[in-house]
Amino acid sequence: MTAKTKKHHYKRKDNILNILITILRCVYIFNPIVWLLLNQVKKDLELATDELAMENENNEIQKEYCKTLVKISMINSDRFLIQTMCLSDDKKNLERRIDNIKLVDKFKKKKKIITIISCITICLVIVIFYTGNTNYMSIKDIIKIYHKASKYENVHYIKEERKYYPDINEESTIYKEYYFKNNIVNEKVTDNNGKIISITYIDYNSNEAILIMDKNITILDISNVEEINRLHKFGLSYSVMKESNDNNVKYTYLGEENINGKDTYKYENSYVDEYINSKAIRWIDKETGVIVKEEFKDKAKKEIPNGFYDNCITECNYSYEFDSVKDEDIARPDLEMYPDYTIENEVYNSIYF
């Protein structure tokens with residue numbers, strides 16, 4: 001029977017593994033953890049080979065094999081040779097090998113059942129975990145989808161922005177109509193009654209911007225604004241969503257949701273510092289990458305230098321039309337229509353526009 005065991009050792013290439021174990025012991029001679037792990041590997045090799053050798057044998061042969069192991073373990077003349085043959089080991093492991101041989105028949109009878117149960121369990125785990133993660137999107141992937149929107153060169157959208165100030169129980173709604181074509185932006189903001197609040201015209205071809213608001217017209221030179229910080233078709237800078245090393249900034253994926261008939265990815269962007277606790281939830285169209293809806297919650301902790309943050313809740317809804325902008329939609333405002341407005345010329349030195 002010992003010859004049969006050695007045959008199984010040979011078939012399983014255990015001799016090669018033993019050489020590798022010996023080499024690893026030499027390399028990691030001063031690492032006791034590696035030695036313990038390698039000893040366990042050798043013991044498991046013996047258990048596996050015992051099981052193969054005894055799998056189709058009757059009880060009598062199994063008993064004889066166990067007796068042989070015990071007899072060999074009692075030989076004291078050449079311990080090194082015995083250990084090299086892997087026929088014997090320490091007493092505790094010998095008992096473990098004999099106990100394992102006793103269980104061979106039981107495992108043999110239940111082998112198919114155990115295999116079937118194991119396969120079913122593995123399949124269930126895969127299905128559960130796979131199903132649980134099909135809707136998962138990393139923030140990096142969402143950023144890629146969001147920046148897909150930059151391919152649209154002819155877009156018109158309307159943004160409905162509703163602000164609620166819970167501290168003073170006040171609510172306001174504005175509408176932003178936004179056109180983008182030929183690298184030109186034309187934006188008109190109106191109140192709930194249709195009254196114009198502001199007009200913003202930006203021509204990136206000539207680096208000119210015109211702001212019309214509060215009886216003032218400001219003509220700006222925006223040549224100092226870098227491309228990455230300029231507004232794109234959807235009124236947001238390219239850098240509005242990117243991975244950040246700032247510990248105050250955190251992105252969290254919240255799953256998928258259908259908004260106004262559009263399948264979207266939902267994520268939260270939070271910012272916390274000593275002055276403000278701000279959270280923004282955005283829904284991004286899975287197909288186009290455009291923002292379909294936004295919700296903001298800003299809570300000021302204390303007044304900040306040179307200004308303050310309002311405590312407010314904001315909800316924004318967007319509707320889009322592509323390839324619909326006409327030349328007249330992006331025409332430069334006729335300043336003669338505002339004869340009583342004050343006109344100023346400035347060079348814009350801020351990083352965003």
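Start by selecting Glu208 and Arg332: their side chains meet in a salt bridge, 3.0 Å from N to O. (A salt bridge here is a side-chain nitrogen of Lys or Arg within 4 Å of a carboxyl oxygen of Asp or Glu.) The pair ties together distant parts of the chain, since Glu208 sits in strand E5 and Arg332 in the loop between strand E11 (312-322) and E12, 124 residues apart. Helices (H or I, at least four residues) and strands (E, at least two) are DSSP runs, numbered from the N terminus. Glu208 is buried, with a relative accessible area of 17%, while Arg332 is partly exposed at 42%. Buried means under 20% relative accessible area, exposed over 50%, and partly exposed in between (1.4 Å probe, protein chains only).

Before you click on, some ground rules. This is a predicted model, in which local features need pLDDT of at least 70 and side-chain atom pairs count only at pLDDT 80 or more, while totals for chains, interfaces and linings use all residues. Residues are numbered from 1 along each chain as its sequence is written, and side-chain values use heavy atoms, with hydrogens and water left out.

Now colour by confidence. pLDDT is the predictor's confidence in each residue, from 0 to 100. The chain has a mean of 77, and 66% of its residues reach 70 or more. Where is confidence lowest, and where is it highest? Look at helix H5 (residues 79-85) for the lowest, at a mean of 50, and at E5 for the highest, at 94.

**Stay on E5**

Select strand E4 (residues 196-203) together with strand E5 (residues 208-213): they pair in the antiparallel sense over six bridges. (Two strands pair if DSSP finds at least two bridges between them.) Click Tyr201 and you'll find its bridge partner in E5, Ile210. The two strands make a hairpin with four residues between them, and Asn207 in the turn has a positive phi of about 55°.

Is Thr218 buried or exposed? Buried, with a relative accessible area of 14%. Leaving aside residues up to four places away in sequence, Thr218 touches Ala209, Ile210, Leu211, Glu344 and Glu346. (Contact means heavy atoms within 4.5 Å.)

**Zoom out to the sheet**

Show the strands as a cartoon. An open sheet of twelve strands runs in the order E7-E8-E9-E10-E11-E1-E2-E3-E4-E5-E6-E12, with mixed pairing. E7 and strand E12 (342-347) stand at the edges with a single partner strand each, so one side of each has no neighbour in the sheet. From one strand to the next the twist averages 15°. (Axes are lines fitted to C-alpha atoms, for helices over the stretch in contact, and angles run from 0 to 180 degrees between N-to-C directions.)

For another pairing, select strand E2 (residues 170-181) and strand E3 (residues 184-191): they run antiparallel and are joined by eight bridges. Lys176 stands opposite Val189 in E3.

**A helix against the strands**

Select helix H9 (residues 139-146) and show the side chains of its buried residues: Ile139, Ile142, Ile143, Ile145 and Tyr146. Seen down the axis of H9, these buried residues fall within an arc of 160°, so they line one face of the helix. (The arc is that of the directions from the helix axis to the C-beta atoms.) What do they pack against? Strand E7 (249-259), strand E8 (262-272), strand E9 (276-285) and strand E10 (291-300).

Glu161 pairs with Lys159, the closest N and O atoms being 3.2 Å apart. Glu161 counts as buried at 16% relative accessibility, and Lys159 is buried at 10%.

Then jump to Glu257 and Lys266, whose closest N and O atoms are 3.5 Å apart in their salt bridge. Here Glu257 is partly exposed at 32%, whereas Lys266 is buried at 19%.

Conventions. The arc is that of the directions from the helix axis to the C-beta atoms.
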